[in-house]
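Hello,

Please find the structure below, for you to take over. My notes on it follow.

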Amino acid sequence: MKKPWIVVTRKVANEAIELLESAGEVDVWQEDAPMPRAVFLEKAQRADAILTMLTEKVDEELLAHASHLRIVANMAVGYDNLDVEACKKHGVIATNTPDVLTEATADLTFALLMATARRLTEANRFILAGEWTSWSPSLLAGQSVYGTTLGIIGMGRIGEAVARRANGFGMKILYHNRRPRPEAEAKTGAVHVDLDTLLRESDHVVVLTPLTDETRMLIGEREFSLMKPTAVFVNASRGGTVDENALYQALVTKQIWAAGLDVFSQEPVSPDHPLLRLPNLTALPHIGSATLQARAEMARLAAANIVEVLGGREPLTPLW
Ligand code: DGY
């Protein structure tokens with residue numbers, strides 16, 4: 001019998017590839033850049049399973065021609081790159097990689113908050129530029145983190161893990177979620193509030209909500225206008241949740257104090273993007289889950305989902 005053909009859209013941990021080899025023939029894209037769309041469409045026509053990254057769009061166009069495809073295993077917890085309805089329509093199972101990246105992403109989110117509030121990248125640039133001539137009382141003074149109020153928009157697994165870190169920093173925690181999460185409240189002392197209250201009362205606002213039709217451009221001009229002039233704003237979810245033009249204006253006019261972004265509406269963001277020129281913007285290249293350990297676990301879980309489905313069993317982490 002012909003072995004299933006498994007497409008892997010980027011080089012991932014060997015352990016995951018070995019796992020996949022136990023279930024079929026594995027075709028790994030060897031370049032460390034996304035596969036051109038035409039190549040992806042062509043490979044998808046033959047594939048029984050695809051292990052995708054968030055850089056690949058799985059949509060009606062692709063699925064309509066992928067007649068053998070049984071599973072798309074996305075190596076990310078977010079899955080806004082997949083058209084879930086189209087997958088359902090074509091009978092293709094879709095999976096993501098929850099849990100295994102929670103702590104790594106919460107670490108990065110908190111690190112970005114700290115870096116932004118305490119101006120760490122600016123301080124690093126300052127010293128490299130040879131501008132450090134003496135100690136000064138006002139030199140690179142930032143915003144306090146310990147003992148302040150943190151507002152978390154999107155209290156899922158990662159939001160809760162960020163809240164646990166905030167507990168260690170003596171922070172009061174407010175959160176906004178579609179549905180209140182009493183279990184997260186019990187574990188972290190976080191208090192559910194409406195969005196406007198969170199924006200008005202928080203010293204630091206962190207966005208961790210998935211990108212959906214409901215959350216697209218959730219934070220715009222009106223929302224920035226509600227925040228404190230000393231507010232630090234962090235986005236570690238998806239760029240599409242924030243109106244970047246409104247953020248630019250809010251930073252330039254000092255409506256808010258600073259922002260840290262791990263995600264952008266267009267990725268990779270152009271080095272000429274106006275936001276990147278602002279001293280009060282700390283930018284990272286979407287590295288929320290980027291620890292060697294988390295990435296290996298994500299690849300392993302995505303591969304395990306494929307092995308299960310090709311073996312006729314239920315996926316471990318299905319999207320529905
Ligand atoms: C995710 O998993 O959704 C992250 O954004 C990528 O690591």
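Backbone points in the loops

Arg-119 lies in the loop that joins α5 (102-117) to α6 (120-128); helices (H or I, at least four residues) and strands (E, at least two) are DSSP runs, numbered from the N terminus. This is a predicted model, in which local features need pLDDT of at least 70 and side-chain atom pairs count only at pLDDT 80 or more, while totals for chains, interfaces and linings use all residues. Residues are numbered from 1 along each chain as its sequence is written.

Arg-119 has a phi near 60 degrees, which is positive in a residue other than glycine. Arg-119 is also buried, with 20 other C-beta atoms within 10 Å. A residue counts as buried if 20 or more other C-beta atoms lie within 10 Å of its own, as exposed if 12 or fewer do, and as partly exposed in between, with C-beta atoms placed from the backbone.

Leu-140 has a positive phi as well, near 50 degrees. Its place is the loop between α6 and β6 (149-153). Leu-140 is partly exposed, with 13 other C-beta atoms within 10 Å. For background, most residues other than glycine have a negative phi, and most peptide bonds are trans. The peptide bond from Glu-267 to Pro-268 is cis, with omega near -5 degrees, and Pro-268 sits in the loop between β11 and β12.

Helix α11

Which residues of helix α11 (residues 244-252) are buried? They are Glu-244, Leu-247, Ala-250 and Leu-251. They cover an arc of only 115 degrees around the axis, so they are on the same side of α11; the arc is that of the directions from the helix axis to the C-beta atoms. The cover over the buried residues of α11 includes α10 (221-226), β11 (258-261) and β12 (281-283). Contact here means that the C-beta atoms of two residues, placed from the backbone, lie within 7 Å. Just after α11, Lys-254 takes a positive phi of about 60 degrees.

The chain as a whole

The chain has twelve helices and twelve strands. Its radius of gyration is 21 Å, close to the 20 Å that the globule rule gives for 320 residues, so the chain is as compact as a globular protein of that length. The radius is taken over C-alpha atoms, and the rule is 2.2 Å times the number of residues to the power 0.38. Along its principal axes the C-alpha trace spans about 75 × 50 × 30 Å. Buried residues make up 42% of the 320 residues. Of the contacts with a separation of 6 or more, 63% are between residues 24 or more positions apart.

The domain assignment gives domain 1 (3-75 + 290-309) and domain 2 (100-281), with bounds that come from an automatic or database domain assignment. The centres of domain 1 and domain 2, taken over C-alpha atoms, are 32 Å apart.

Arg-313 is in the segment after α12 (292-310). Arg-313 is exposed, with 9 other C-beta atoms within 10 Å. From Arg-313 to Ser-134 the distance is 65 Å, C-alpha to C-alpha, and they are 179 residues apart in sequence.

The ligand

Around the ligand are Leu-54, Ala-76, Val-77, Gly-78, Leu-101, Gly-288 and Ser-289; a residue is near a molecule if its C-beta atom, placed from the backbone, lies within 6 Å of it. This shell divides into four nonpolar residues, three polar and no charged. Ala, Val, Leu, Ile, Met, Phe, Trp, Tyr, Cys and Pro count as nonpolar, Asp, Glu, Lys and Arg as charged, and the others, Gly among them, as polar.

Regards
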